[in-house]
There are 2 protein chains.
Amino acid sequence: MVDSLFNPKFLLNSLSLSLTPRHSDTRKKEIKWMIRIIKRSSVKRSSLTAIFSSRTKPEMNASQEAHNREAFRQAVGNTLERRLFYIPSLKIYRGVAGLYDYGPPGCAVKSNVLAFWRQHFVLEENMLEVDCPCVTPEIVLKASGHVDKFTDLMVKDEKTGTCYRADHLLKDYCKDKLEKDPNLSAEKAAELSHVLAVLDDLSAEELGAKIKEYGISAPDTKNPLSDPYPFNLMFQTSIGPSGLSPGYMRPETAQGIFVNFKDLYYYNGNKLPFAAAQIGQAFRNEISPRQGLLRVREFTLAEIEHFVDPEDKSHPKFSEVAQFEFFMFPREDQVSGQHARRIPIGEAVSQGIVNNETLGYFIGRVYLFLTQLGIDKDRLRFRQHLGNEMAHYAADCWDAEIECSYGWIECVGIADRSAYDLRAHTDKSGVALVAHEKFLEPKEVEKLVITPVKKELGLAFKGNQRMVVEALEAMGEKEAMEMKANLEEKGQAEFHVCTLDKVVTIMKNMLSISKEKKKEHQRVFTPSVIEPSFGIGRIIYCLYEHSFYTRPSRDGDEQLNVFRFPALIAPIKCTVFPLVQNQQYEEVARGIARSLTAVGISYKIDITGTSIGKRYARTDELGVPFAITVDSESSVTVRERDSKQQIRVSVDEVASVIKEVIDGVSTWADVLWRYPTHSS
Amino acid sequence: MVDSLFNPKFLLNSLSLSLTPRHSDTRKKEIKWMIRIIKRSSVKRSSLTAIFSSRTKPEMNASQEAHNREAFRQAVGNTLERRLFYIPSLKIYRGVAGLYDYGPPGCAVKSNVLAFWRQHFVLEENMLEVDCPCVTPEIVLKASGHVDKFTDLMVKDEKTGTCYRADHLLKDYCKDKLEKDPNLSAEKAAELSHVLAVLDDLSAEELGAKIKEYGISAPDTKNPLSDPYPFNLMFQTSIGPSGLSPGYMRPETAQGIFVNFKDLYYYNGNKLPFAAAQIGQAFRNEISPRQGLLRVREFTLAEIEHFVDPEDKSHPKFSEVAQFEFFMFPREDQVSGQHARRIPIGEAVSQGIVNNETLGYFIGRVYLFLTQLGIDKDRLRFRQHLGNEMAHYAADCWDAEIECSYGWIECVGIADRSAYDLRAHTDKSGVALVAHEKFLEPKEVEKLVITPVKKELGLAFKGNQRMVVEALEAMGEKEAMEMKANLEEKGQAEFHVCTLDKVVTIMKNMLSISKEKKKEHQRVFTPSVIEPSFGIGRIIYCLYEHSFYTRPSRDGDEQLNVFRFPALIAPIKCTVFPLVQNQQYEEVARGIARSLTAVGISYKIDITGTSIGKRYARTDELGVPFAITVDSESSVTVRERDSKQQIRVSVDEVASVIKEVIDGVSTWADVLWRYPTHSS
C-alpha cells in the first residue's frame with residue numbers, strides 16, 4: 001500500500017554542510033551553556049538538524065518539494081482537525097497561538113501511547129514512577145540553571161511592539177532566498193547555507209548584525225526591528241499570597257526526580273542502578289509558536305532518569321537489544337557530509353560510537369517503542385549530538401529524530417548527563433545526593449589532598465577568594481599533580497578559574513598538594529544519570545503523518561483518508577453498524593456493544609441510516625481497525641481496515657475474536673484462516 | 001478484622017446545628033455568587049459540612065476524640081511518607097506548603113485510580129474525553145466568573161506581612177474554645193457554634209468584626225491583624241513575551257469542555273444527551289494550605305460534563321442503579337438536625353429528593369466507583385447542598401463526602417448546573433452554544449415577541465440603554481405578560497435590571513410585547529449540564545485511611561501496618577521472594593518475574609537475605625495483595641495479604657493464577673479451593 005497523495009519518504013531535501021566553528025573559546029563556552037540549558041528542556045530545537053537528511057530526490061526541485069510537503073501536511077491536518085484529533089484551544093475566542101486541545105480520538109491516542117510507554121518502560125524495567133507538581137519554586141530552577149539561561153533571543157517590531165524569535169526571522173529569510181530566488185549566486189547561496197548551519201550558535205550581537213546586513217524587517221508590518229535580547233521561556237507566577245515567593249511552571253519534569261534522588265535511592269534498597277520516571281505537563285512560553293503541534297506552549301513529557309555507577313555503565317539486558325539494526329547518524333558522519341546508515345546497536349557500542357551499554361540499551365528500547373507505536377523505521381534515525389551541541393559535562397547524547405513534512409524532528413533525547421544534575425542540587429541545597437558502595441573489606445587508597453591556605457589566598461584575591469578556593473579544590477588528579485610540579489619547580493603556576501573566567505597566578509605559599517594513603521570502608525560517589533526524554537505530542541504528530549494514507553473510493557470519484565494505526569494505538573478499537581435501520585439489528589448491535597465493554601474494548605456504535613460504505617469511510621478516517629456489521633441476528637461480518645477483507649463470525653463469538661486480535665494473541669491472518677470470508 | 005489502632009467510624013463528633021439565615025437579600029445574592037464560583041472549583045470548602053455528622057459516640061469526650069483522631073492520622077501519615085506514597089515537594093530545599101510529590105507506590109495508586117475511572121465512566125458510558133492545556137487565557141475565566149469572584153478572604157499580620165485565611169482563624173478560635181474551654185457558658189457555646197455554622201456566609205466586614213470582637217491575633221507572632229480583604233486564588237502568569245496577554249493556571253478542567261461544546265456536539269452526530277470528560281491538573285493558590293494532602297495548591301481533577309435536554313432529564317440506564325441503597329443526607333434532614341440515612345437511589349428520585357434521573361444515575365455510578373476503589377460504604381454519604389450553598393441557577397447539587405480523620409471531606413461534587421456555563425460562554429464569545437431538536441413536522445407555536453423601542457430607551461437611560469434592552473429581551477413569558485398588563489393598565493412598570501442591580505421605570509412607549517403564532521421546524525435550546533467532578537487526590541487520601549489497619553507481629557512485640565487495597569488499586573500486585581539466598585531460587589524468581597511481566601502484572605522482587613516475615617511485613621505496608629515465595633525449583637507458595645493464607649502452586653502456573661485473581665476472573669476463595677494450602 002503506497003500513500004497515493006504524497007510519499008514524504010523521498011521529499012525532504014537537504015543541504016549537507018559541514019560546520020566550520022569560528023567562535024572564540026569564551027564564546028564557545030557561552031554557547032555550550034545555552035545549548036546545555038536548552039537541551040535540558042527536552043523538546044528542543046531542530047533547526048540545526050533540519051539541514052541534515054539521509055535522502056534526497058534530485059529530480060524534484062526545491063519549490064515543488066515544498067509544495068508537495070505543504071499539500072500533504074494540509075491533507076493530514078484537515079483530517080485531524082475535522083475529526084477532532086486536535087482542536088486549536090479556545091476556537092470560540094479565536095484561539096491562542098501554541099495551545100491545542102486533544103479532542104476525543106486524539107485524547108484516546110495519547111492515553112494509549114502513555115499506557116504503552118508505562119508498560120514498555122516503567123513496568124518492564126521496574127522503574128520508580130513519580131508524579132510532581134508543575135508549579136515549581138524558583139530555587140530549584142536556579143540550581144538547574146533555567147532561571148538564568150533558559151532563554152531565546154527576541155526582536156521587537158519597533159512600532160507595534162510585536163515580538164519575534166530572532167533566529168526564526170533569519171532562518172526564514174535564508175530559506176526563502178535559497179528556495180525562491182532564481183538569481184542567487186553560488187557564493188551567496190553558500191553563505192546563506194552556512195548561516196543556516198550555524199544559526200543555533202549565533203550570539204545576540206551576531207544575530208543582530210545579520211538581521212541588519214540582510215535588511216530583515218518585521219514580517220507583518222515591514223517596520224524596523226529592535227536589537228535581539230534574551231527572553232526567559234518559563235511561565236512565571238507567584239506562590240502564595242505574599243508576592244514574595246516567585247515560582248515557575250516547570251520547563252521539564254526531570255528536576256522533580258533529581259530533588260527526590262535520596263529518597264528514591266533509599267526506596268531502591270540503597271542500590272544502583274535504578275531508574276525513575278515521570279510523565280507530566282511541561283511549559284515553555286514560546287515567543288511566537290509555529291509548526292502547529294510541534295512547537296507548543298504546553299506539552300506532555302515522559303522522562304526517565306536512569307542512575308548508574310559512573311565506573312560501571314554496563315547493562316544486564318543489553319544483549320536483548322544488541323542485534324537490532326536501525327539508522328544511526330554518528331557525529332563524524334554528519335561532519336563529513338555522509339548519510340545516516342544502518343548499524344546494529346551492539347556494534348555501535350562495541351566500536352565506541354555509542355559511549356556505553358546503558359545508553360545503547362535505551363537507544364534500542366526507544367527504537368522498539370517508536371516502531372511498535374507505528375513510526376516508520378525508514379523515517380526514524382538516531383542522530384548523535386555534535387561537539388558544540390552537547391553540554392561540556394555530557395558523556396554522549398543521541399536524539400531519536402523522526403522525519404515528517406516539517407523535516408527531521410527531534411522527538412526523544414537520550415543523553416548521558418554524567419553527574420551534573422545531582423551535583424547542582426547538592427551544591428544548592430547542601431544535601432549530599434550521592435551513592436555508596438560498601439567494600440567487602442576495607443581498601444587502602446591513595447587520596448589526593450588539596451589544602452588551600454585561605455589566609456594567603458584571601459590577601460591575594462580578596463572578594464574572589466571563595467571562587468579561587470573552590471576551583472582549586474575541584475582540581476582533578478592530573479591537573480593537581482601538574483600544578484604541584486610547577487609550584488615546586490617555579491614557585492608559582494598559572495591557573496584558570498572557570499567561575500571567574502580568568503587566569504590567576506597561584507604562589508607556592510597559597511596551596512599544599514599531597515597524596516595520602518587511607519583505609520576506606522566504602523566509596524562515596526555521585527551517580528551518573530542517563531536520561532531518555534520523550535516529547536509525547538511530537539511523537540504523536542509524527543505518528544499521524546506516518547499512519548495517514550488515501551485510497552480511491554469504490555466508484556473512484558473521490559480519495560478517502562485512512563489512518564493505519566496499530567490496534568495498540570487506535571483511538572477506538574471497533575465500530576458496530578446495523579446494516580439497515582431496524583429494531584432487531586439495533587438490539588443485536590447493542591448486545592455486541594455490551595460484550596465489547598465487558599472485555600474492555602472501546603467501540604463506537606453508528607445506527608444512522610447512512611450507506612455502509614460511508615460509515616466504513618468515516619471510521620477509516622479515525623483509524624478504527626475493525627468494523628462489525630450486523631446483517632443478521634445470528635452472525636455478523638468483521639471487516640479489517642487496511643485490507644478491507646471481511647469474515648463472518650457468530651454474534652456470541654465476535655467480541656472475543658476482536659479482543660484476541662486487538663491484544664495481539666492472534667493476528668488478522670490467523671482469524672482470516674479460521675472463519676469463512678465474506679464478500680460484500 | 002478490626003483496626004486495632006483506632007476505629008474512626010465512631011470517633012468523629014459533631015454538633016448538629018440548624019442554619020438561621022440572617023442576611024439581606026442583596027447580601028445573599030453576593031454569597032450565592034461566591035459559593036457558586038467556589039463550587040465551580042470542585043475541590044471545595046468543607047468547613048460548613050464538617051459540623052454535620054451521622055454518628056456520635058457520646059461516651060468519648062471531644063478532646064479524647066481529637067487525640068485519637070490525631071494519633072490515627074499520624075500512624076497513616078508516617079507509613080505513607082516512609083514508604084514514599086507521597087513526599088512533601090522539594091524536601092531538600094525544606095519544602096513548600098501545599099505541594100506534594102507522589103512517590104512510586106502513590107504514583108501507581110493514582111494511575112490505577114485514573115485507569116479505573118476511565119474504564120468505569122469514559123469507556124462504559126462512551127464519553128468523549130478531551131485534554132486541554134492548563135495555561136488559560138484571561139477571557140475564558142472572565143466569562144466563567146473566576147477572574148472576578150474566585151477569591152478567599154485574607155488577613156495579614158500587620159508587622160510581618162504573613163497572610164492567613166480569615167475564616168480559618170475564626171474557625172480555629174471557635175473550635176478551640178468549644179473543645180478546650182471548660183468554663184464556656186452554654187450561651188457562649190451556642191454563639192460560637194452558630195459562628196461555625198454560618199462561617200462560609202460571612203462577609204469581609206462581618207468576618208473582620210468577629211476577629212476584632214474575639215481579639216484574634218496572628219497565630220505565630222500574636223501581632224495585630226489587618227482587615228480581611230479578597231485574594232484571587234488563581235496562579236497568574238503572562239502568555240507570550242509581550243506582557244499584554246494575562247493568563248492563569250486553570251482552577252478546574254470544566255471550562256475546556258464548555259468552550260468545545262459546539263465541536264463535541266457535532267462529533268456526537270448533533271445528538272443529545274452526551275457526556276464529555278477530562279482528567280487533568282488544576283491549580284489553586286491557597287493562602288495558607290493546611291490539612292496535608294486534602295488542601296493543596298495543585299491537584300488532579302477528573303470532571304464529566306453530561307449535556308442533556310432540559311426538558312428530558314431521564315436516563316436510559318437509570319434502572320441499572322435504581323436499587324442501590326446508600327447513605328444520603330437530603331437538605332431537609334440537615335436543616336431539621338437529623339442524620340444521614342440509607343435510601344435506595346430509585347426512591348430518592350421518584351420521591352423528588354433528587355431532582356432528576358440523570359443526576360440520580362450519576363450519584364449511583366459514583367457510589368459504585370468509590371466503593372469498588374475500596375472506600376468504606378459506611379463512611380460515605382451523599383449530602384445535598386443547602387439552599388444558600390447552591391448557585392441560583394443550579395437545579396440540584398449533591399456532594400459525595402467521605403469520612404476521615406479530618407471529618408467529612410467533600411470528594412466528588414455532582415451538580416445539575418442547568419444552562420449556566422454554556423450561556424456564559426455564548427454571551428462572551430458571541431458563538432451560540434446550543435442544541436437543535438428537529439421536529440418531524442413543523443409545529444405551530446405561540447411565540448413571545450418583545451420589541452424594545454431603542455430610541456425612547458436611549459433617551460431615558462443613555463449609557464445604560466444596552467443593559468436595559470438586554471434585560472427586557474431576556475424576560476420570561478410570565479414576567480413579560482405581567483409587564484404588558486401593567487403597561488396597559490398604568491402606562492408604566494417597575495423593572496429590575498440585574499446587570500445594573502437597579503430598579504428602573506419602563507414607560508408604555510418604550511416597549512411592545514405581543515404573542516405571535518409561528519411555524520417552527522426545530523427547537524433551538526441551550527442544553528443543561530450535569531457535572532460530576534472528582535478530586536482525585538482527596539479520594540486517594542481517604543482511601544489510604546480506609547485501607548489502613550495494624551495487626552500484631554507473630555511474636556506479638558510490635559504492631560505491623562497493612563493497607564488492604566483491592567487488587568485493582570494496589571500499587572504493586574505481587575512480590576517475589578526467594579526463601580533463602582541461592583542461585584537456583586533466584587533464577588526461578590527471575591523466571592517468574594518474566595512471566596508476570598508478560599501477562600502485565602506489576603511486581604517487586606526482593607532478593608535480600610532478610611527474614612521472610614520481615615519481607616512480608618514490608619510488602620503488607622505497601623498493600624501488595626499477593627506474595628510468591630520461592631522455596632523449591634518446581635513449586636512456590638502464594639500468600640494472600642489480609643488472610644495470610646498460603647497455597648502451593650507450580651512455577652509454570654503461578655503467573656496465570658495471580659493474573660486470574662488480580663483481574664477478578666477468580667476470587668482468592670476459588671483458588672484456595674483449587675490448590676493445596678500451605679502452612680509456613
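Here are some notes on this predicted model, starting with where its two chains A and B meet.

1. Ground rules. The model is predicted, so local features need pLDDT of at least 70 and side-chain atom pairs count only at pLDDT 80 or more, while totals for chains, interfaces and linings use all residues. Residues are numbered from 1 along each chain as its sequence is written, chains are lettered from A and ligands numbered from 1 in the order in which they are written, and side-chain values use heavy atoms, with hydrogens and water left out.

2. The interface. On the chain B side, 75 residues are in contact with 75 residues of chain A, contact being heavy atoms within 4.5 Å. Together the chains bury about 6200 Å², 64% of it on carbon and sulfur atoms; buried area here is the accessible area (1.4 Å probe) that two parts lose on being put together, summed over both. Ile92(B), Tyr93(B) and Tyr267(B) supply 13% of what chain B buries against chain A, more than any other three residues.

3. Polar links across it. You'll find 22 residue pairs in polar contact between chain B and chain A, both residues at pLDDT 80 or more. (A polar contact is a pair of N or O atoms within 3.5 Å; within protein, one must be able to donate a hydrogen and the other to accept it, and residues adjacent in sequence count only if both atoms are side-chain atoms.) Helix α3 (residues 104-123) of chain B gives the largest share of the side that touches chain A, 8 residues. Helices (H or I, at least four residues) and strands (E, at least two) are DSSP runs, numbered from the N terminus.

4. Salt bridges between the chains. The count between chain B and chain A is 4, a salt bridge being a side-chain nitrogen of Lys or Arg within 4 Å of a carboxyl oxygen of Asp or Glu. One of them joins Asp131(B) to Lys110(A), with the closest N and O atoms 2.5 Å apart. Another pairs Lys91(B) with Asp263(A) at 2.8 Å. That pair runs from the loop between β1 (86-88) and β2 (100-102) of chain B to helix α10 (residues 261-267) of chain A. Lys91(B) is partly exposed at 38% relative accessibility, whereas Asp263(A) is buried at 17%. (Buried means under 20% relative accessible area, exposed over 50%, partly exposed in between, with a 1.4 Å probe and protein chains only.)

5. Salt bridges within a chain. The whole structure has 94 salt bridges over all chains. In chain A, Glu125(A) and Lys317(A) meet at 3.4 Å, N to O. Glu125(A) sits in the loop between α3 (104-123) and β3 (128-130) and Lys317(A) in the loop between β11 (298-308) and β12 (325-329), so the pair ties together parts 192 residues apart in sequence. In chain B, Arg523(B) and Glu311(B) meet at 3.7 Å, N to O. Arg523(B) belongs to strand β20 (residues 511-525) and Glu311(B) to the loop between β11 (298-308) and β12 (325-329), so this link spans 212 residues in sequence. Arg523(B) is buried at 15%, but Glu311(B) is exposed at 63%.

6. A look at α6(A). Its buried residues include Asp167(A), His168(A) and Cys174(A). The buried residues of α6(A) pack against β5 (151-156), β6 (163-165), α7 (186-198) and α8 (204-213) of chain A.
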